[in-house]
Structures are given as structure tokens and as C-alpha cells.
Amino acid sequence: MASPMADDALLTAEDLHLSFGPTPALSSASLRVHAGEVLALMGPSGSGKSTLLHCLAGILSPDSGRVRFDGHDLSAMSDARRSALRRTEFGFVFQFGQLVPELSCLENVALPLRLAGVGRRQAQRSAAEWLDRLEVADVAGKRPGQASGGQGQRVAVARALVTRPRVIFADEPTGALDSLNGERVMRLFTAAAQQTGAAVVLVTHEARVAAYSDREAVVRDGRVREQEYVR
Amino acid sequence: MCIVIGMSVGFALLGLLESGPRHGYDLKRFYDERFGHGRALHYGQVYSTLARLLKNGLVEVESEPGDGPERKRYAITSAGVTDVAGWLAQPEKPEPYLQSTLYTKVVLALLTGRDAADLLDGQRAEHLRLMRELTRRKSDGDLADQLICDHALFHLEADLRWLELTAARLDQLADQVRP
């Protein structure tokens, strides 16, 4: 019988197995992500936490097991449908290298909206609002290379949030930043996600970053030990 | 969170008196504002500490007309200033934590065939719970709150790193501790 908590989960991984050649990365990994929560995925290097995130986001397909978003099985979707889902319902923040260097920060944030068919003026207006909320309005006209690491990550967060996704996947979003900048990113990021109601799946090996989450799940040897969800 | 405990209260009060003489009440308020952080000193503790400092010649009393402790103004003596300077110049002893309760628990869990990984995960959850609380308090607080919470957060983070490392070495540790 399904757990009563599984019913109200927005995103679930059920008994995922995935191997890279002879190396098992996930072994019976299960996880539930609820709407609006910040969930930290913790665990040592090579434990499978990034692989699990990629499966949850539909970037990787597990060898067996299911990932469901809003009740829909990701593996039963066509590639095109999964891509559309990633564009419209999911947002992504990585450690670095995610902004287009040839575009200004404003254009970078506006890009997901433009790809979704929003007009240039409207997209840039929304992008400017998000840059302001992430306290990086001053780099709007600059290229990513001209912004500091912390500013660049806040631009990346703005870009992840601009389409108002329901889940944001963040893989070591502060991994390349010092403590102060890392904390500023996390404070603004989690506050903004909370305001929009987006769930955040946060991969981190840093406890101080995980402390911005509502609960944590520990990944070890491809298995997940999940802290109980309390509404 | 109180950041000054035990014997340090005496030094802290003494140090605060270096900026000028104060009544006991005023001194307590001054202390609470800077170091109390939700846990104010009791008046009894303030006056018993001042009595000790007085007895040791580290403060002196400038009495004003009237009765009661509130009529006394405390001033630091030159011996008191020397004590404060010595206390400030003395580095705090880093705690090696070698005999921590947690280490004892892990070893005992391994020795008795219990799940030591479970124990470590439980501890991690407890540490993170406190870290979340401190992170929230930090977000709502002023600079003093932020710095005090950061101090606690860095210590908790160090513990968590130890928990991770120990979790990764449990098999090795089990081989060593089991007879």
C-alpha cells in the first residue's frame, strides 16, 4: 500500500536502479519531494546524489524504477515532452558555467521566457524584476564574465526562477563561492523560492548550505535515507 | 544563546567596567545588551560576582547617599585592569574533544553489534535541526546575532564533517574495536 505521504508529493522517485557500466550509482533509491519545500540531498562524494537529482529532473533515465512528477511517469513520456517539462516546470542552478557568456545578464535571465515564446519587452521586464529581487540589478547590462562569482550565481538563480517553475534543481549552487557570498545566494534563493511556492531539490555536501533546507535526505551507496516530512 | 559562561562572567563584567564606573543594575543591562542574547543575567549573579571582585580587590565601590545595592557604583581598580588585560591576552584552550560522548557511543554501538550508521545519521539530523534554527535566527538578527550564530554554526559544521568521516570509516573502525 502506498504511504499516505506519497499521495501529496509533487515529485517522487520509486525504487530507482541505475548503473554506469559495472558501477552501480543508484540501488533502490526512493524519495518524495513536496510542493514548496526545500529538500537537501546530502552525502559523500560519489554517493549518487547528483545522479539522483538528474533522474528526478528527467535528464537521466533509470535502468528500473519510476520518477513521477505531478502523477505522471517521466519514463513514459516522449523525449520532446520531457524536454518541454524541463523548460516549463523545472528550473536549474548548477555550480558554474551555466550562463551564456555572449549574452548580458539581463538577456540570460530573459532567455527561458523568450524560448517559451514570451515577447522580448515582456521577457526583459520580468528578467529585470527578478534581477532586482536577487539584488543584482546593477549587473543587468554586464556580461556574466564581468560579474563576480556570487553575482553570477544570483543571476543564475533569477534565470531558474523567471519561468516560475514548480521544482528547482540546484547542484552545489554555492560550491564555488566563499562563505559570505554562498550564504547571500542561499538566503535570497530560498526566500524567492518560498515566495513563488517552488520546491527546491538541493544537492550539497556543505552542512551550512543544507541548513537553509526544510529537511534532508542522505544518499549513501546509491540508497536514500530520508528525514520524515512534516507538513 | 549565552556566550559568556561560568567564570568568564566576572571578566566580562570587569571588562565592561573599564569604560567607566556603573551601578550594578546598569552594568547588568549593559552586559545583557551585549552578551545576554535571550538569556539575561540574574541580579543575584551580578551582585555575587561583584562581591567576589570586590573581595579580590579588582573593583571598588563609590557609595552614594542612601541604602541598598542600587546606591553603589562599581569602579574597576588597576589590579582589575591588569586582570582583564591578562584574560584578553590569554588564548582560550582549544578543546580537543578526543573523548567525546559521540565517539564513545559509536564504539559501543560497534562493540555491541548495534547500527552505528543509524546513530551517526540520527546525530546528523539533530545537528542539522539546530543549524536550521541558528540559520533562521541569523536571518532575522542583527550583526551581533549573525556573528554569534556563525560561531555556533561553524562548530556544528565541524562536528558534521567528523560524522561524515566516521560514517565513511565505520567498517575500518569496527575491525579495530571488535575483539
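The questions and answers below walk through strands, a helix and aromatic contacts in this predicted model.

Biologist: Which strand does β9(A) pair with in the parallel sense?
Modeller: β9(A) covers residues 215-220. Its parallel pairing runs over four bridges. V218(A) is the bridge partner of M42(A) there. The parallel partner is β3(A), residues 38-42.

Biologist: What stands opposite V219(A)?
Modeller: β9(A) also has an antiparallel pairing, with β10(A), residues 223-226. Four bridges join these two strands. The residue of β10(A) opposite V219(A) is V224(A).

Biologist: Which residue in the hairpin of β9(A) and β10(A) takes a positive phi?
Modeller: Two residues lie between the strands of this hairpin. The phi in question is near 50°. The residue is D221(A).

Biologist: How many residues of β9(A) are buried?
Modeller: Buried means under 20% relative accessible area. By that cut-off β9(A) is mostly covered. Of its six residues, the buried ones number five.

Biologist: In the open sheet of chain A, which strands stand at the edges?
Modeller: The sheet has four strands in the order β2-β1-β4-β5, paired antiparallel. Each edge strand has a single partner, so one side of it is left without a neighbour in the sheet. The edge strands are β2 (23-34) and β5 (72-73) of chain A.

Biologist: Which residue of β4(A) does H17(A) stand opposite?
Modeller: β1(A), residues 9-20, and β4(A), residues 64-69, pair in the antiparallel sense. Five bridges hold that pairing. Opposite H17(A) stands S64(A).

Biologist: How many aromatic pairs does the structure hold, and what kind is F90(A) with F169(A)?
Modeller: Over all chains there are six aromatic pairs. The ring centres of F90(A) and F169(A) lie 5.0 Å apart, with planes at 80°. Planes over 60 degrees apart count as edge-to-face. So this pair is edge-to-face.

Biologist: Where in chain A do F90(A) and F169(A) lie?
Modeller: Both F90(A) and F169(A) are buried. They also belong to one aromatic cluster with F69(A), F92(A) and F94(A). The two are 79 residues apart, with F90(A) in β6(A) and F169(A) in β7(A).

Biologist: Is the pair of F11(B) and W87(B) stacked or edge-to-face?
Modeller: Their ring centres are 4.8 Å apart. Their planes meet at 5°, so the pair is stacked.

Biologist: Are F11(B) and W87(B) buried or partly exposed?
Modeller: F11(B) lies in α1(B) and W87(B) in α4(B), so the pair ties together parts 76 residues apart in sequence. Relative accessible area is 23% for F11(B) and 26% for W87(B). Buried would need under 20%. Each counts as partly exposed.

Biologist: Which ring does the charged end of R208(A) sit over?
Modeller: In chain A, the charged end of R133(A) sits over the ring of W130(A), 4.1 Å from its centre. For R208(A), the distance to the ring centre is 3.8 Å. That ring belongs to F154(B).

Biologist: What does α2(B) span between its end C-alpha atoms?
Modeller: α2(B) runs over residues 24-36. A straight helix of 13 residues would span 18 Å. α2(B) spans only 16 Å.

Biologist: What do the buried residues of α2(B) pack against?
Modeller: The buried residues include L27(B), F30(B) and Y31(B). They pack against α1, β1, α3 and β3 of chain B.

Biologist: How far apart are the C-alpha centres of the domains of chain B?
Modeller: Chain B is divided into domain 1 (8-89) and domain 2 (101-177). Their C-alpha centres lie apart by 37 Å.

Note on methods
Residues numbered from 1 in each chain as written. Chains lettered and ligands numbered in written order. Predicted model: local features only at pLDDT ≥ 70, side-chain atom pairs only at ≥ 80, totals over all residues. Heavy atoms only, no water. Buried < 20%, exposed > 50% of the residue type's maximum accessible area, 1.4 Å probe, protein only. Pairing = 2+ DSSP bridges. Expected span 1.5 Å × (residues − 1). Contact = heavy atoms within 4.5 Å. Domains from an automatic or database assignment. Phe/Tyr/Trp six-rings, centres within 6.5 Å; stacked < 30°, edge-to-face > 60°. Lys NZ or Arg CZ within 6 Å of the ring centre and 35° of its normal.
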